[in-house]
Amino acid sequence: MEVLAYQGLIGLSSAMYLWLISAGLTIIFGVLGVLNFAHGSLFMLGGYLAYTLYGLVGLPFSVSVLGSMAAVALLGAAMERGFLRPLYGLDPSYQLLLTFGFVLLLDDAVKLVWGGVFRIPPIPRWLDGAVVVFGRPFPLYNVFLIAVGLVVGLGLWGLFDRTWWGRSVRATAADREMAAALGIPTPRVFSSVFMLGSALAALGGALGTPVRPVAPGIGAAMIVQAFIITVIGGLGNLRGAFAGSLLVGVLSSYGTLWFPEFELFFVFAIMAVVLLVRPQGLFAS
Amino acid sequence: MSPRARRWALGALLVLLVSLPVWASRYVVYLTIHILLLALNAAGFNLLFGYTGLLSFGQAGFYAVGAYTCARILLAWPSLLPGVLGGTVAATLSAVLLGYLSVRHTRIYFSMLTLAFGMMIFSLAWKWRAVTGGDDGLVGVPRAPLELWALTVPLPTVERYYVVVLVAVVAAVALLHRLVRSPLGLALQAVRDSEVRAEHVGLPVRRLRLLSFAVAGTCAGLAGSLLPALENTVTPPIAHWTASAEPVLAALLGGTQRFGGPLVGAFLLVVSKDVIVRFTVHWSLVLGAVVIALVLGFRGGVVSVVEPWLARPRPARRAVARAGEQAP
């Protein structure tokens with residue numbers, strides 16, 4: 001029983017990466033209607049940038065994470081303004097294809113700039129250590145991850161529910177034309193939402209640097225996971241993305257324990273079944 | 001291009017393709033087989049995307065079903081025809097089954113569903129060791145002889161195998177072209193242009209989409225079944241979603257609004273990759289930039305850029321036409 005609970009906690013902390021990447025993906029889809037294939041690549045880029053600032057330049061961890069978020073947010077703004085904007089009136093397939101072009105470009109660009117796989121830089125001293133949970137040592141860093149995930153969740157909720165900006169975003173998501181007619185600068189809302197989503201992806205990637213290796217393939221691997229989660233939670237549904245991340249994170253943590261052979265198959269099977277039976281997502285209100 | 005010029009160009013292309021093993025090096029022949037396989041896969045994909053309006057990200061799944069089934073058959077019964085037919089039929093069956101489920105959705109939900117199905121097939125290929133060989137794949141697949149009734153044609157060389165692939169691909173593409181030009185093909189385009197109107201004139205929209213999906217899956221499956229005998233091995237990456245992007249890119253590159261677009265695109269994709277990787281390993285960087293440029297500026301693909309240039313009437317004729325207009 002304690003093994004199960006412990007494994008659940010491990011799953012919970014790895015679910016936080018999934019939560020951070022799928023939160024951005026689902027926000028962008030919910031407001032812009034764009035499913036960003038390159039979102040996993042932004043996650044990866046966040047990891048590389050944080051690695052460079054923290055592991056190579058030697059800046060403090062927190063500064064490195066924030067720096068990589070800011071840089072990726074700017075890249076996101078450039079993608080939205082320069083490339084996606086001309087495509088809004090067209091078949092959504094073209095937006096999907098454009099972002100796929102960015103997957104190819106960014107995944108190869110990181111190889112060009114950073115080369116292959118790196119060794120993992122040490123965990124910052126203030127996060128190194130362990131707490132005892134169920135009689136076993138549980139890494140402090142994982143506690144930190146869970147805390148960050150919860151803080152981001154609460155922060156997003158506050159942002160969308162309690163601020164003027166959040167209201168204009170929700171208005172734009174609900175009815176683009178009406179929002180524009182009411183004087184909401186919808187193009188600017190689009191850009192800021194895309195920036196926020198990109199920054200969240202970068203945060204997820206950056207938080208992984210002291211514990212998981214950054215590698216060029218990580219973008220393609222993360223994006224399919226994020227697709228699974230946002231589909232399970234309902235495309236565009238933030239609370240659903242949170243619940244979906246926990247579900248997938250914890251289930252695959254048990255999955256690797258019990259049926260490592262077919263874990264991947266079942267995760268995609270769940271995604272397909274949800275799309276067929278409940279396309280609005282499991283957690284739609 | 002006038003119909004006559006088009007026929008001449010097509011004839012010249014066929015002569016070039018048929019005579020290829022005579023004058024080209026073995027490597028060029030090998031590369032051409034890959035162009036043909038991708039061309040078939042991309043032409044099938046474009047029936048679904050360009051003609052029916054459904055963007056599938058799961059074609060690699062059907063390609064892999066064809067390849068793995070064919071490889072298993074060849075390992076048990078080294079005869080090419082049963083292998084290729086078996087692989088194609090298996091791909092068609094799985095496309096009908098998964099297509100029946102997929103066409104409940106359109107647009108992004110359809111794309112996500114095909115991605116999920118494709119990745120389910122990938123995870124089977126990767127993990128179901130007893131049947132697929134797991135991450136080692138199936139190795140030692142023989143290039144089995146082609147047995148037609150009493151006639152047995154051994155295929156020891158790539159050049160000979162090329163002829164088999166050429167015949168199969170040309171026949172399949174010709175059938176596909178026939179389909180696109182038939183009333184059925186027009187019905188598919190009607191579904192693409194307006195689902196509501198298509199329904200109102202009495203077209204069975206969902207059944208048409210399923211048909212298109214099944215044909216696309218069959219094309220992918222046939223292309224896949226022709227692979228194991230060439231490479232002597234089948235491995236899981238052919239089923240991964242990133243492999244599903246290849247026919248998508250070929251179609252986009254050549255142009256999705258013309259039948260020939262994906263064929264041209266397959267040629268450009270394979271050849272440019274082969275050329276670019278000689279200079280730099282960063283081939284997909286170039287490809288990504290090209291995809292972005294195509295989506296933003298040339299959604300008609302290369303064909304739409306070249307075609308007006310080919311179709312431009314000769315100055316003399318234009319003058320005659322203008323004179324005709326001005327006359328009375």
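## Stop one: a buried helix

Select α3 of chain B: 16 of its 18 residues are buried, so this helix is largely enclosed by the rest of the structure. Buried here means 20 or more other C-beta atoms within 10 Å of the residue's own, exposed means 12 or fewer, and partly exposed is in between, with C-beta atoms placed from the backbone. Helices are DSSP runs (H or I, at least four residues) numbered from the N terminus. α3(B) covers residues 59–76 and reaches 26 Å from first C-alpha to last, close to the 26 Å expected at 1.5 Å a residue; that expected span is 1.5 Å times one less than the number of residues.

A word on the ground rules: this is a predicted model, where local features need pLDDT of at least 70 and side-chain atom pairs count only at pLDDT 80 or more, while totals for chains, interfaces and linings use all residues. Residues are numbered from 1 along each chain as its sequence is written, with chains lettered from A and ligands numbered from 1 in the order in which they are written.

## Stop two: the core

Next, pick L40(B), A116(B) and V291(B), which have the most contacts inside the largest nonpolar core, a set of 187 residues. Such a core is made of buried Ala, Val, Leu, Ile, Met, Phe, Trp, Tyr and Cys residues joined through C-beta atoms within 7 Å. Helix α2 of chain B (residues 26–51) gives the most to this core, with 15 residues.

Now centre on V291(B): leaving out residues up to four places away in sequence, V291(B) touches L97(A), F100(A), G101(A), L104(A), L249(B) and L252(B). Touching means C-beta atoms, placed from the backbone, within 7 Å.

## Stop three: where the chains meet

Colour by chain. The contact takes 34 residues from chain A and 33 from chain B. On the chain A side, α4(A) gives the most, with 16 residues. By class, that side has 28 nonpolar, 2 polar and 4 charged residues. Ala, Val, Leu, Ile, Met, Phe, Trp, Tyr, Cys and Pro count as nonpolar, Asp, Glu, Lys and Arg as charged, and the others, Gly among them, as polar.

## Last stop: L31(B)

Back to α2(B), where L31(B) sits. Is L31(B) buried or partly exposed? With 16 C-beta neighbours inside 10 Å, L31(B) counts as partly exposed. Apart from neighbours within four places in sequence, L31(B) is in contact with V270(B) and D274(B). Finally, select F267(B): its C-alpha is 9.6 Å from that of L31(B), though the two are 236 residues apart along the chain.

How values were computed:
Helices (H or I, at least four residues) and strands (E, at least two) are DSSP runs, numbered from the N terminus. Two residues are in contact if their C-beta atoms, placed from the backbone, lie within 7 Å.
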